[in-house]
Amino acid sequence: MNAVAAESNAEISTDGYGDYDFIVVSNRLPVDRVSDADGDSWRRSPGGLVTALAPVMEKADGAWVGWHGAPDEPLEPFDHDNMHLRPVPLSASEVELYYEGFSNSTLWPLYHDVIAPPEFHRTWWDSYRTVNRRFAEAAAEVAAEGATVWVQDYQLQLVPQLLRKARPDLKIGFFNHIPFPPLEIFAQLPWRKDIIAGLLGADLIGFQRPSDTSNFLRCVRRFAGHSVRQQQVHVTGGDGESYVSRAEAFPISIDVDRITELAKREDVIERSKQIRRELGNPKVILLGVDRLDYTKGISHRLKAYGELLEDGLISVDDAALIQVASPSRERVEQYRLLREEVEGTVGRINGTYDTMSNTAIRYLHHSYPVEEMVALYLASDVMLVTALRDGMNLVAKEYVAARTENTGALVLSEFAGAADQLRQAVLVNPHDIDRLKEAIVTAVNMPPREAQRRMRLMRRQVLQNDVERWSQNFLSALRMEGDQQ
C-alpha cells in the first residue's frame, strides 16, 4: 500500500470537543481573497449557499470548514462576518488529483449521465479519500458536543461516514447539489460501495429532485444491501452499530429578496435599457447564462438558433441572442475543447448572418456581478435554459424572480431540476433540435396575456420557496432525524 492510500485508511484522531454548534463543510470557504494596495483581505462570496447559511451561522455560533483557494499555502483559522473559518490546506498535487481529477473528471461527468466520458484512476481515488479525511478531521476538531454538521456536495461524499465513526454524538446532514445518476450509470464507478457507505454516514441526505432520491435508494439496495423502507435506510455497520439514514428531496432556491430588490433599482433598470440600446433596440432579446460546461447544452442552443436564422423564422433585424458563458475549469481538457467549439460556432453564425447594424449572437466569455446579471434579465424577453442535465439551475429562478412585472418567457430543459417547480415554462428536450426550435419560436411569439399568466405562476412558486426556506426545511428535517436516533 502506498503512503497516500495508507493515510486515507487511517482512523480520524480527535482530541475532545470543539467550540461550535453548527458546522458547514464545503470544498471552498465562503470568502474570496481580495488583494489591493493595502494588502490582502477577505470578502464574502456571492453564492446563494453563503446567503442562506450566514444567518444560521450567526444565530448558532457557527464555523465553516473549506479550502481557501490557494494550493500549498497553510492558513490559520480566522473569523469573518460572524463566522469562524477553518481553512483546509490542499497541495497543488491534490488540486490536480482530488479536485480536477476525481471530483470533476470522474464524478461530475458520471453524475451528469456521462455526457462526457468519466475517467477512472486509482491515484485520483486515493487522493479523494485522503482529502475527504482531512476535511472530516477539521470538522471534528471544531464541532462542539452534539453539534450539527452539514456537508455540501459531491467533492466530500466520504465525510459523513468518517465523521460518524469519529464523532457519533454529531447530527450529520449531507446535500448533493448535482444530480445523482441512475443505478445503471452509477454502477460504472469502481468505488461505488465506498461512496454509498460514505453518504450513509449522514442522518439526512438531501437531493435536488425526487428522481435523484430514487436513484440513490436503488443504488443503496443494490450495492449496500441495507433494508430500505420508504425513504429510510436501516444501516447496520460491521461493529453491530445500527441507525437510520434518510434520503429526501430538498430543491434549492435563490436569494429572492436580493434579486427583486436589484430588479427595482433605478440604476439597474437604466442599465437594462442601455443594453437594449447597445444592441440596436431589437424587438426581441434572447438570453443564455451558463458556466461554460458541457452539461449546459450551449452547443444545442446555438445549433437551434443558427437553424432558426437559416430558416428565416428569426432575423437579425428583429432579434439578438446574448450568450454569457462564464469561464469554468479551464485547465481541464474537456472544457478547453468545449470553449473552442462554442466560439467556433458563434463565429460561423455571426459571420453568416451579421449585418453592419446588427449582430446575431453577442458572446461574452466573462463572469459578471449580480447587478449586471439582473440588468441582463430585465433586458431580455426570452430566457433560454437548455441544460442536458442539471441539478437545479438557479439562473432560471433568478430570471423569474427578476421579472417583477410578470413579463418575459422562459424556455426550460426538462432535464434541469428547476423544471419540477417551474411547470409553466416552455419545457423542452434540448436533444431534440426541432422541438427546441419550436419552443424558442413559441416563447418569442407568445401572446402577452399568456406570458403574464405563466410568469405570475412561476414567480409565486419562486417567491414562496426561497433559499432561506430551503435551508430551514433541511435543518428542521435533520433535527427531527437526529432526535429520533
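**Entry 1: a loop residue**

I started with Asn406, which lies in the loop between α14 and β17 (409-413). Helices (H or I, at least four residues) and strands (E, at least two) are DSSP runs, numbered from the N terminus. I was working in a predicted model, where local features need pLDDT of at least 70, side-chain atom pairs count only at pLDDT 80 or more, and totals for chains, interfaces and linings use all residues. Residues are numbered from 1 along each chain as its sequence is written, and side-chain values use heavy atoms, with hydrogens and water left out.

Is Asn406 buried or exposed? Asn406 counts as buried, at 14% relative accessibility. Buried means under 20% relative accessible area, exposed over 50%, and partly exposed in between (1.4 Å probe, protein chains only). I then listed its contacts, leaving aside neighbours within four places in sequence: Ala451, Gln452, Met455, Arg456 and Arg459. Contact means heavy atoms within 4.5 Å.

**Entry 2: Tyr399**

Next I looked up Tyr399, in helix α14 (residues 394-402). Tyr399 counts as buried, at 0% relative accessibility. Beyond its neighbours within four places in sequence, Tyr399 is in contact with Tyr377, Ser380, Asp381, Val382, Met383, Gly408, Ala409 and Met455. I also checked Tyr399 against Thr130. They are 269 residues apart in sequence and 40 Å apart in space, C-alpha to C-alpha.

**Entry 3: two helices**

I turned to helix α3 (residues 92-111) and helix α4 (residues 122-142). They pack at an angle of about 110°, with their axes 8 Å apart. Axes are lines fitted to C-alpha atoms, for helices over the stretch in contact, and angles run from 0 to 180 degrees between N-to-C directions. So α3 and α4 are roughly perpendicular to each other. The classes are: under 35 degrees roughly parallel, over 145 roughly antiparallel, 65 to 115 roughly perpendicular, and the rest oblique.

Which residues meet here? On the α3 side I noted, among them, Glu94, Leu97, Tyr98 and Phe102. The α4 side includes Trp125, Ser127, Thr130, Val131 and Arg134. By class, the contact of α3 with α4 has nine nonpolar, eight polar and two charged residues. Ala, Val, Leu, Ile, Met, Phe, Trp, Tyr, Cys and Pro count as nonpolar, Asp, Glu, Lys and Arg as charged, and the others, Gly among them, as polar.

I picked out Glu94, in helix α3. At 13% relative accessibility, Glu94 counts as buried. Setting aside neighbours within four places in sequence, Glu94 is in contact with Pro89, Tyr99, Ser127, Thr130, Val131 and Arg134.

**Entry 4: aromatic rings**

How many aromatic pairs does a search of the whole structure find? I got 22. Rings of Phe, Tyr and Trp (its six-membered ring) pair if their centres lie within 6.5 Å; planes under 30 degrees apart count as stacked, over 60 as edge-to-face and the rest as tilted.

Phe102 and Trp125 form a tilted pair, 5.4 Å centre to centre and 50° between the planes. This pair links distant parts of the chain, with Phe102 in helix α3 and Trp125 in helix α4, 23 residues apart. Both Phe102 and Trp125 are buried.

Phe180 and Phe186 form a tilted pair too, 5.1 Å centre to centre and 35° between the planes. Phe180 is buried, at 0% relative accessible area. Phe186 is buried, also at 0%. Both belong to one aromatic cluster, formed by Tyr111, Phe180, Phe186, Phe207, Phe216 and Phe223.

**Entry 5: charges over rings**

Last, I noted that the charged end of Arg28 sits over the ring of Trp67, 5.4 Å from its centre. The charged end of Arg164 sits over the ring of Tyr243, 3.6 Å from its centre. The rule is NZ of Lys or CZ of Arg within 6 Å of the ring centre and within 35 degrees of the ring normal.
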